[in-house]
Amino acid sequence: MARYGMALDYKNCINCKACEVACKEENGVELGAEKHRIWVGGNNPEGAWPLLDMASASFLPSQCQQCDDAPCQEVCPTHATYYDENGVVRVDADKCILCSYCMNACPYDARYVDERTMTVDKCTFCSDTRLARGETTTACQNTCPTKVRTFGDLDDPESEISELLRTRDHFSLKAHLGTKPKLFYLT
Amino acid sequence: MCYNTHMNIIETSRRKFLQGSVSLCIYATSALSSPWQTTKTSNKKTTDTPYLCNMCRNKCAGYARVENGLITKLNPNHNFPKSRNMLCPKGNAGIQAIYDEDRLKYPLIRIGNRGDGQYKRATWDEAYEYIKEKLVKIIDEQKDNRSTIAYCNGEGFNKDEYIKFFGSKLGSANFLDEGSICLNTKLGATQLTIGDVGEMDVAGSDYMIISGANRYESLITPDSVDMIHSKQKLVVLDPRCTVTAIKADEYLPLYPGTDLAFCLSMMYIAFKEELYDKKYVNEQFDDFEKLKAHILSQKYTPEWAESKTHIPSQKIEKITREFFAASNPLYYLGRRSVWSQNDFQLRRAMVLINALAGSVNRKGGIIFGQPIKLNDEEINEPLYNNAEGRFDLDGIVYGSQKGGSWLNFREKVVSKTAPYPVKAMFIRKHNLMQNMPNIAKTKKMLEMMDLVVVLDTMPSDTAMMADVILPECTYLEREDMVVSFNRLEPSLALRNQVIESLYESRSMQDILKGLGKKLSVPLFHVSAKYDEDLQDSIKEDGLHKAFVEGGYDMAELYGYNTTQRNKRLITKQFGKEVYNSLKEKGVWYPYMDEQKELFNDFYEYYPPEKRFYTIDKKYRVNAYLKKLEKAGFDAMPTWHKYYDFNLHEDEFRVITGRYVTTTQSATANNVMLKDFEKENYLWINNNNAKRLGIKTGDSVVVMSSVSSIVIKANPTNKIAPNVLWIPHGFGIDSQEMTNAYAKGASDNMIIEDKFEKIYGCATMHETNVTLRKL
């Protein structure tokens with residue numbers, strides 16, 4: 001039993017796509033550009049060359065925010081979306097009826113349709129792959145050239161993530177919605 | 001589903017940042033349908049095999065997970081100092097390279113015309129036999145001039161062994177590699193200026209300037225990783241606002257080819273304000289006063305540099321002062337293709353700036369370090385009296401004696417001005433039909449050959465020009481010879497075999513072994529016909545002894561397989577423990593036991609006091625190169641009027657580069673990486689595009705003196721006016737590459753084949769073009 005979360009030192013992100021490919025290979029995510037569990041958003045610099053406003057340019061790695069109060073779980077009519085024992089928002093492929101309520105409910109646009117399994121799939125924190133084997137990292141964290149992500153147990157005060165969240169300022173995406181994400185962006 | 005570029009916050013949506021709206025439109029319409037899919041890893045523990053990646057030149061270390069004989073995942077190997085426990089997107093997508101359905105599976109012999117892709121499947125022996133018959137005829141016709149066989153290799157691993165086979169054993173002087181279409185000017189400039197090519201200590205630098213090297217999209221380990229984790233100030237000069245520019249502390253946009261003006265001005269300010277390290281200069285410089293007088297008398301003032309580069313003079317002054325005031329400043333020398341005629345002197349100016357700051361052979365500078373020397377496996381080399389020398393360095397001042405000059409070679413072959421005909425080519429992992437300017441000319445060269453043999457894993461554009469295609473296995477299907485890496489934190493690493501080779505593909509060693517066995521005796525008899533010394537030794541010692549003692553057995557190195565060779569070599573030189581470490585962990589370095597985790601899976605490898613920042617080495621800084629003066633070139637970095645970026649309103653300068661998800665044309669068919677960039681987009685300044693009525697996704701025709709291409713446009717504010725960026729690695733012409741064929745356009749179709757005369761390197765950024773909307 002743990003309460004898994006992730007801290008993202010997002011300013012170190014160079015948008016190299018390593019996390020996205022590692023995630024796809026580890027979790028057998030369907031190929032296709034729209035089929036991904038993680039992605040990098042951001043902004044181009046504003047202005048005209050050579051007077052570009054570099055402060056306006058940024059990269060923001062994103063994925064399922066693993067909300068403690070997940071709208072996708074709340075609206076699911078078949079309870080296909082559920083919390084596992086580690087607080088990870090998971091999907092039961094057998095129960096999913098592709099109604100897409102979860103896709104509409106998710107404020108982070110984190111869910112997509114896997115057309116092979118006919119499931120509205122999502123990031124699982126590698127729960128049924130790496131974590132199930134006793135590993136302590138997710139594929140995206142492990143492969144990252146700049147080590148943007150720190151994954152761990154929020155309930156363990158000794159964990160690296162707990163230490164980070166105690167010592168560094170951080171924010172959550174769309175915090176005002178009250179979804180209580182377990183992804184924390186370090187500033 | 002198309003999103004406009006003016007959208008401010010897109011951070012929480014499933015959008016890609018990259019290229020604004022361009023790729024989004026593509027993504028939405030292009031669900032890639034490949035029969036191959038990813039395989040989810042299981043919840044079972046496995047014993048993973050340490051390997052070295054081969055998706056680009058870096059050779060990062062990884063562990064391969066195998067389930068039921070299938071590679072299901074590649075993970076970073078935390079033991080390797082060089083790659084710092086990471087795998088990039090290409091490294092992760094290596095699985096798709098192994099299981100690419102378009103892979104070369106069997107030996108093939110051409111039955112149609114060159115380039116039309118008609119081949120028949122052959123056995124290995126049939127392929128070798130075909131090669132033998134052609135080669136015997138060619139070498140006989142050329143009276144045992146072995147240099148009529150040119151051979152090339154664009155891949156770092158196994159290169160020296162490949163040279164041993166075709167250079168030492170077969171006896172050809174004509175070896176060509178990627179250096180002259182890549183970074184030879186940088187290597188040469190460093191070697192000639194400070195006596196060694198050195199290594200840049202990025203992690204140790206507190207202030208770094210980068211000209212054009214796009215380290216966050218063209219990843220180099222450990223540099224790209226160290227840049228993020230060091231607390232240095234980063235200054236980036238580039239005509240294009242790259243990811244590296246976005247991540248920099250200061251981005252200085254400038255016009256292409258004008259970096260040298262910036263460097264000259266930095267030197268001017270350093271001399272004028274006496275910012276340089278006087279102690280270092282007194283101790284190490286030769287001809288310092290000459291350099292100083294030259295730079296000052298040429299009046300390379302910041303104002304002058306502003307007029308060339310477009311960087312404000314105050315900015316140049318500020319950066320220069322900061323640089324020389326820093327404790328460990330580094331002007332990053334780059335690692336990429338050569339840009340223009342001034343490239344050798346540009347790299348030299350960078351080296352000299354480092355030297356003026358004292359940043360040589362010390363922390364954070366260009367370090368000499370102490371690489372681990374591996375013993376060579378000695379072979380018996382035959383002497384061929386009739387083998388002539390290489391001709392591609394004629395007219396080149398220095399040039400690389402190893403890898404030569406591709407464009408000069410090709411020019412001499414095509415124009416028939418070479419001193420003797422080149423009749424055959426052996427091409428390994430070197431996509432000639434994509435990798436050098438003016439593809440039509442490469443095609444012409446290959447068409448002139450009596451025999452073209454390609455060793456590769458993919459049916460590339462070059463493979464389609466071959467008479468015989470020999471399928472090599474990929475990097476995860478073979479063990480390679482142990483390799484020594486780096487100088488500051490040196491280590492050994494071994495590419496272990498992960499799975500048995502697929503189809504009928506073979507390792508290079510096995511291919512050469514088979515070829516050697518087939519060719520040795522017949523070619524020996526050709527030599528015996530023409531070589532008087534050989535005739536004498538046959539008379540004296542008899543046929544057999546002359547063959548054996550003369551070293552004519554081309555397969556000599558292959559009496560043992562690679563695993564046996566590695567074991568012998570490593571155990572003999574370093575002992576059993578080192579060998580075991582290389583087999584079990586893929587890596588060995590002296591302080592492995594002291595490796596410690598600094599944070600979050602990020603490690604310290606060598607303890608700081610054990611790193612080879614400074615070594616005891618005698619060297620001089622050569623400010624003035626007399627040989628260049630004698631050859632009629634600048635002995636010191638100098639600006640010339642024709643370096644000016646000065647274009648007519650309707651003219652554009654083409655520059656190249658690549659996406660983070662591509663390695664030149666080698667990854668063109670990778671189904672995973674194709675999801676990110678299905679085709680390439682031409683970056684054009686948004687104001688230029690507006691004037692020409694070009695919108696995002698419009699097809700445009702780009703015309704140079706060589707040829708023209710059609711490519712879709714990406715108008716953006718991130719590039720200088722009158723400059724076009726064409727990402728390399730697209731526009732594949734081989735229909736056998738089903739994911740890549742006819743997607744986007746190839747930059748080298750239109751880049752003119754010019755080369756500089758110091759190292760004979762292709763100058764990739766000197767082509768002016770016009771364009772119009774299709």
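How many residues lie between strand 26 and strand 27 of chain B in the hairpin they form? There are 4. Strands here are DSSP runs of E with at least two residues, helices are runs of H or I with at least four, and both are numbered from the N terminus.

First, some ground rules. This is a predicted model, where local features need pLDDT of at least 70, side-chain atom pairs count only at pLDDT 80 or more, and totals for chains, interfaces and linings use all residues. Residues are numbered from 1 along each chain as its sequence is written, chains are lettered from A and ligands numbered from 1 in the order in which they are written, and side-chain values use heavy atoms, leaving out hydrogens and water.

Now back to strand 26 (residues 699–703) of chain B. Two strands pair if DSSP finds at least two bridges between them, and here are the partners:

How about where the chains meet? In chain B, 72 residues are in contact (heavy atoms within 4.5 Å) with 68 residues of chain A. You'll find 3 salt bridges between the two chains (a side-chain nitrogen of Lys or Arg within 4 Å of a carboxyl oxygen of Asp or Glu). One of them joins B:Asp675 to A:Lys24, with the closest N and O atoms 3.3 Å apart.
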